[in-house]
Amino acid sequence: MAKCEVCQKDMFFGRKIRITRSQISRRALTTQQANVHRVKVVVDGTPKSMNVCTRCLRSGKVERAKD
C-alpha cells in the first residue's frame with residue numbers, strides 16, 4: 001500500500017463536489033493515496049530501501065543513500 005514509513009502518511013479521503021446546475025448537492029467521497037516512492041535511504045549509517053513520501057524527501061527528514 002501507499003504508506004510512508006517515516007511519517008505514517010496513508011490513504012486519505014476527500015469530497016468531490018460537482019457544480020453543474022442542479023447537481024450542487026451531489027457529493028462523492030473519494031479516496032486519494034499519498035505520493036510515495038521506494039528509495040534507498042541511510043538509516044543508522046547503512047543504506048536501506050524504504051517507502052517514503054515526497055514531502056519527507058523534500059523536507060530533509062531522510063537522507064538518500066549514494067549510489
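Me: How many helices and strands does the chain have?
Reply: The chain has one helix and four strands. Please note that this is a predicted model.

Me: In what pattern do they follow along the sequence?
Reply: Read along the sequence, the pattern is β-β-β-β-α. The helix, α1, covers residues 54-59.

Me: And how many of the residues count as buried?
Reply: The chain has 67 residues, of which 16% count as buried.

Me: Let us turn to the strands. In which sense do β3 and β4 pair?
Reply: Strand β3, residues 36-43, and strand β4, residues 46-53, pair in the antiparallel sense. Eight bridges join the two strands.

Me: Which residue in β4 is the bridge partner of Val42?
Reply: The bridge partner of Val42 is Pro47.

Me: How many residues lie between β3 and β4 in the hairpin?
Reply: There are two residues between the strands of this hairpin. Asp44 is in the turn and has a positive phi of about 55°, although Asp44 is not a glycine.

Me: Is Asp44 buried or exposed, then?
Reply: Asp44 counts as exposed, because its relative accessibility is 78% and the cut-off for exposed is over 50%. Its place is the loop between β3 and β4.

Me: What about Val43, where does that residue lie?
Reply: Val43 lies in strand β3. With a relative accessible area of 29%, Val43 is partly exposed.

Me: What separates the C-alpha atoms of Val43 and Glu63?
Reply: A distance of 8.2 Å separates the C-alpha atoms of Val43 and Glu63. Along the chain these two residues are 20 residues apart.

Me: Why does Cys4 count as buried?
Reply: Cys4 counts as buried because its relative accessibility is 1%, and buried means under 20%.

Me: How many residues apart along the chain are Cys4 and Arg38?
Reply: Cys4 and Arg38 are 34 residues apart along the chain, while their C-alpha atoms are separated by 9.5 Å.

Me: What is the phi of Gln8?
Reply: Gln8 has a positive phi of about 65°, although this residue is not a glycine. Gln8 is placed in the segment before β1, a strand that covers residues 12-17. Its relative accessible area is 47%, so Gln8 is partly exposed.

Me: Next, Phe12. In which strand is its place?
Reply: Phe12 has its place in strand β1. At 38% relative accessibility, Phe12 counts as partly exposed.

Me: What separates the C-alpha atoms of Phe12 and Thr31?
Reply: Their C-alpha atoms are separated by 5.8 Å, with the residues 19 apart along the chain.

Me: Now the loops. Where is the place of Ala34?
Reply: Ala34 is in the loop between β2, residues 27-32, and β3.

Me: Is Ala34 buried or exposed?
Reply: Ala34 counts as buried, because its relative accessibility is 9%. The C-alpha atoms of Ala34 and Asp10 are separated by 6.0 Å, and the two residues are 24 residues apart along the chain.

Me: One last topic, the surface. Which residues form the positive patch?
Reply: The positive surface patch is formed by Lys9, Arg55, Arg58 and Lys61.

Me: And where is Arg58 found?
Reply: Arg58 is found in helix α1. Its relative accessible area is 66%, so Arg58 is exposed.

Notes:
Residues are numbered from 1 along each chain as its sequence is written. This is a predicted model: local features need pLDDT of at least 70, side-chain atom pairs count only at pLDDT 80 or more; totals for chains, interfaces and linings use all residues. Side-chain values use heavy atoms; hydrogens and water are left out. Patches are made of residues with over 30% relative accessible area and no salt bridge: like charges are joined within 9 Å, nonpolar side chains (Val, Leu, Ile, Met, Phe, Trp, Tyr) within 5 Å. Accessible areas come from the Shrake-Rupley method with a 1.4 Å probe; for residues, only the protein chains shown count as cover. A salt bridge is a side-chain nitrogen of Lys or Arg within 4 Å of a carboxyl oxygen of Asp or Glu. Lys and Arg count as positive and Asp and Glu as negative; His and the chain ends are not counted. The place of a charge is taken as NZ of Lys, CZ of Arg, CG of Asp or CD of Glu. Buried means under 20% relative accessible area, exposed over 50%, partly exposed in between (1.4 Å probe, protein chains only). Two strands pair if DSSP finds at least two bridges between them.
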